[in-house]
Amino acid sequence: MKMNKIVLLTIGIWMIAISMKAQTISSKVFDKKTNQPIPYATIQIGENQGVVTNEEGSFNITLDDIQSKIDSIYISSMGYSTVGVAVQNITDSIIYIEPKAIELKSVFISNKDLDIDDIIDNVDDNMEDNYRSDLSKNRLFFRETNTNYIKKMDIEFKKSTIEEIDEKLVDSISKVIPKNSVFYAEALCDFYGNTDKQKLNVIKGARLYDKNNNGSIEGVFKKMEKIFKDNVKPNSYIKIRSGLFSQKVQVDSILKANQDAKDIADGIENPKENFFFKSRKMNLKNLFNETFYQSNTKLNVIKNSGRYIFERVDYTILGDIGVYVIKFTPKRRGDFKGTLYVNTEDFAVIRIDYKNVKRLRSFNLLGVSFEENGYSGTTIFEKGFDGKYGVKFIEKITENKFGVDRPLSIIEKNKYVKGRNKQNQLSLNLDVISYAKNKYEIIVFDAKSISESEYNTSKENKNVQSTYLSQYDPNFWKGYNIIEPNTAIKQFKAIEEAIEDE
């Protein structure tokens, strides 16, 4: 009898293990003819529920996270036949789908073929009705990738009245600042609101970066902090002068700001609002408010259609929907080129691919320069139960250049001591050039309209804690549906190195 119980228990554990294993599906979607991965294909796992393949065609589904039990998934992408695959039959690491032949007559909205001006006019006229503008709740996954490269870092020592701050120390600061760095942030969130007001509740979050990049800097700045405390009086004020400009800062406020910065780096809670929460909310607000149909967007291709040349280059399908494929290129005042995919029935833009063709913004004033050089991406929209379209997927990449080439003087003054007010001075010349590339990815799993009272009762967790990861951990998001990370994220690992205090 005891043996039978052991056998039954073993079988039970084995069946549970099989069941647990079957809850996650990882695969790639490839074009059957070209054998190339298909980015941004939709993997539908329920009505108005699904994920999107990443730029490498990869996806991962956790079935435990699906509200209704499913036995099949459906894969669709622009220009391809929709493919249904039984969950139990997904054993291969690659799923192939085929391009679909299109009957041109099936994509016309009437027996009259519309010219390109008519199509764009219809897109504009129907935009307010097509897209959701009222209060809504979006369950989403948000990934941010920041890559920074310092091309030039010259700090020329000029003068110091503090003996410990000398040319050697200034040179050491220049040398330890990392020339290349990458930072990843991920969050599963509920994002509430509309264009005018927003709330955020972070369910789970992670930060992936190399703390060792900061180690040598921290060693130097700890030394600087000690020198500062030993030589500068708490009731003094610091006058920071650069060229024609100057700014007064109280010393005690500098000490407090330094502690606040340390708390942010260490992930210590701020009772009001921490940096991880604040930056997630700000970036999500900007990304949703910069979609092409918003009033203040840079991507004003439709609202300022007179700045662009439109060409209907093809017809395609998405599931059973006919789609106009429209290329746009700028006239003299336009900033972007790209492709619009327009539903032939309701004239909704269901996907837009875009890339800037010229620098969007720049200034160079008194030695401080900035250039907004890159602005590109893809946005996919999906129709909800309310008949309105909302964001399903966003990938957006920005590229900027920063520069500083000017003198800098830091002067301590104190009106409470006898003698002259001026106590200490440090003078430098700065010549810095850096580049920043930011990539944002959003996948919306579920979107629904909500009432004003539902919005008002929704809660924010402003001091939510994110988890620091020194390398990619596939188990961190186990049990959750996310955007499958690309190869660069999967291979990321902090460099192990000893940090010595000098």
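How many salt bridges does a search of the whole structure find? The search finds 20, a salt bridge being a side-chain nitrogen of Lys or Arg within 4 Å of a carboxyl oxygen of Asp or Glu.

This is a predicted model, so local features need pLDDT of at least 70 and side-chain atom pairs pLDDT 80 or more, while totals for chains, interfaces and linings use all residues. Residues are numbered from 1 along each chain as its sequence is written, and side-chain values use heavy atoms, without hydrogens and water.

| Pair | N to O distance |
|---|---|
| Arg280 and Glu144 | 2.6 Å |
| Lys197 and Glu452 | 2.4 Å |
| Glu395 and Lys439 | 3.7 Å |

Arginine 280 sits in helix α6 and glutamate 144 in strand β8, 136 residues apart. Helices (H or I, at least four residues) and strands (E, at least two) are DSSP runs, numbered from the N terminus. Both residues, arginine 280 and glutamate 144, are buried. Buried means under 20% relative accessible area, exposed over 50%, and partly exposed in between (1.4 Å probe, protein chains only).

Glutamate 395 in β19 and lysine 439 in β20 tie together parts 44 residues apart in sequence. Glutamate 395 is buried at 8%, and lysine 439 is buried at 14%. Salt bridges with shared partners join Glu55, Glu395 and Lys439 into one network.

Lysine 197 is partly exposed at 29%. Glutamate 452 is partly exposed at 40%.

Asparagine 130 lies in helix α2. Its relative accessibility is 7%, so asparagine 130 counts as buried.
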